[in-house]
Each structure stands twice: as C-alpha cells, then as structure tokens.
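Please read it alongside the sequence and the model shown here.

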Amino acid sequence: MLGVPRPARAPAPAGEARRLELAIAGGKIAAGAPTHRVTQGELVAWVLSGDAAVDVHLHGYDLEAKLAPGTPVMLVVDASIAGRFPLSTHGGRSETTLAYLEVYPR
Ligand SMILES: [Cu+2]
C-alpha cells in the first residue's frame, strides 16, 4: 500500500490516533482546565474518566459524551476545524470548562 494516498477524511486506524487523557474529579479538573494542543487533521482519542455522572460537551465540534463514575469513555475527535474549543460539563444551570482543545492549522 506504500505510495497509495489515503483520502483526506478516511478514519485513521486506532494506532494513529493521538491519545489524550483527562481525569475529572467532582465535576472539574483539580489543577484547572488544561489546554491540549493538536494539529489540524489529527485524529484525537480523548479518554475521559471521572468520579461522578456528568455530561460533557466539546464546543465547536458539538460532540457529547456521558461519563459514569469509574468508567472511562473515549471521545473521538476528527480535528478538522482549527481553533480553540472548550470542553465543558453540561446539565444543571451552569457549565464548567474542563479543558481546551487547541487545533493548529497545518
Ligand atoms: Cu456546552
């Protein structure tokens, strides 16, 4: 398969995904919201774990995941849009920003 170009939007094999991890405690990140930097076009496998049931939302990409205590979930992001996007909790009246995904143009 060498030399055969892949279509730009083809899903990369799992081994090619950039793995990021985020541990949520009490609905927030103890050390403050970190910024994860990736390059446009990367496939991001964001592994989220937490100690409470919480819904999370990646703004801009409009992706959602439901967290249950003790069960990590993987939020897969095809980082096709450049920019800075907050990942926040949902539910209730307020949103807490957990992290930022910064996608740099190629
Ligand atoms: Cu939101």
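Helices, of at least four residues, and strands, of at least two, are taken as DSSP runs and numbered from the N terminus. On that basis the chain has 0 helices and 8 strands. The model is predicted, and its copper ion has three histidines, His57, His59 and His90, as protein donors.

**Overall make-up**

- Read from the N terminus, the elements follow the order β-β-β-β-β-β-β-β.
- The chain has 106 residues, and 32% of them are buried.
- Its accessible surface amounts to about 6500 Å², with 55% of that area belonging to carbon and sulfur atoms.
- Of the contacts between residues at least 6 apart in sequence, 60% join residues at least 24 apart.

**Strand pairing**

- Strands of a sheet pair through backbone hydrogen bonds, in either a parallel or an antiparallel sense.
- Three strands form an open sheet in the order S1-S3-S6, and the pairing within this sheet is mixed.
- Strand S1 (18-24) and strand S6 (73-78) are the edge strands of this sheet, each of them pairing on one side only.
- From one strand of the sheet to the next, the twist averages 25°.
- S1 is joined to strand S3 (residues 43-50) by 7 bridges in the parallel sense, and Arg18 stands opposite Val44 of S3.
- Strand S2 (residues 35-39) pairs in the parallel sense with strand S8 (residues 97-104), over 5 bridges; here Arg37 has Glu102 in S8 as its bridge partner.
- S8 also pairs with S7, in the antiparallel sense and over 6 bridges, where Phe85 has Leu101 in S8 as its bridge partner.

**Copper site**

- The donor atoms are ND1 of His57, NE2 of His59 and NE2 of His90, and they lie 2.0 to 2.2 Å from the copper ion.
- The spacing of the donor residues in sequence is H-x1-H-x30-H.
- His59 belongs to the loop between strand S4 (54-58) and strand S5 (63-67), while His90 belongs to strand S7 (residues 83-90), so this pair ties together parts that are 31 residues apart in sequence.

- His57 is found in strand S4.
- Its relative accessible area is 8%, and His57 counts as buried because the cut-off for that class is under 20%.
- A polar contact of 3.2 Å links the side chain of His57 to the side chain of His59.
- Beyond its neighbours within four places in sequence, His57 is in contact with Asp62, Leu63, Glu64, Pro86, Leu87, Ser88 and His90.

**Gly60 in the loop between S4 and S5**

- Gly60 lies in the loop between S4 and S5, and the residue is exposed, with a relative accessible area of 57%.
- Which residues does Gly60 touch, not counting those up to four places away in sequence? They are Ile81 and Phe85.
- Gly60 and Ala82 are 22 residues apart along the chain, and their C-alpha atoms are separated by 9.8 Å.

How values were computed. Residues are numbered from 1 along each chain as its sequence is written. This is a predicted model: local features need pLDDT of at least 70, side-chain atom pairs count only at pLDDT 80 or more; totals for chains, interfaces and linings use all residues. Side-chain values use heavy atoms; hydrogens and water are left out. Donors are N, O and S atoms within 2.8 Å of the metal (3.2 Å for Na, K and Ca); water is not among the atoms, so sites may look incomplete. Two strands pair if DSSP finds at least two bridges between them. Axes are lines fitted to C-alpha atoms, for helices over the stretch in contact, and angles run from 0 to 180 degrees between N-to-C directions. Buried means under 20% relative accessible area, exposed over 50%, partly exposed in between (1.4 Å probe, protein chains only). A polar contact is a pair of N or O atoms within 3.5 Å; within protein, one must be able to donate a hydrogen and the other to accept it, and residues adjacent in sequence count only if both atoms are side-chain atoms. Contact means heavy atoms within 4.5 Å. Accessible areas come from the Shrake-Rupley method with a 1.4 Å probe; for residues, only the protein chains shown count as cover.
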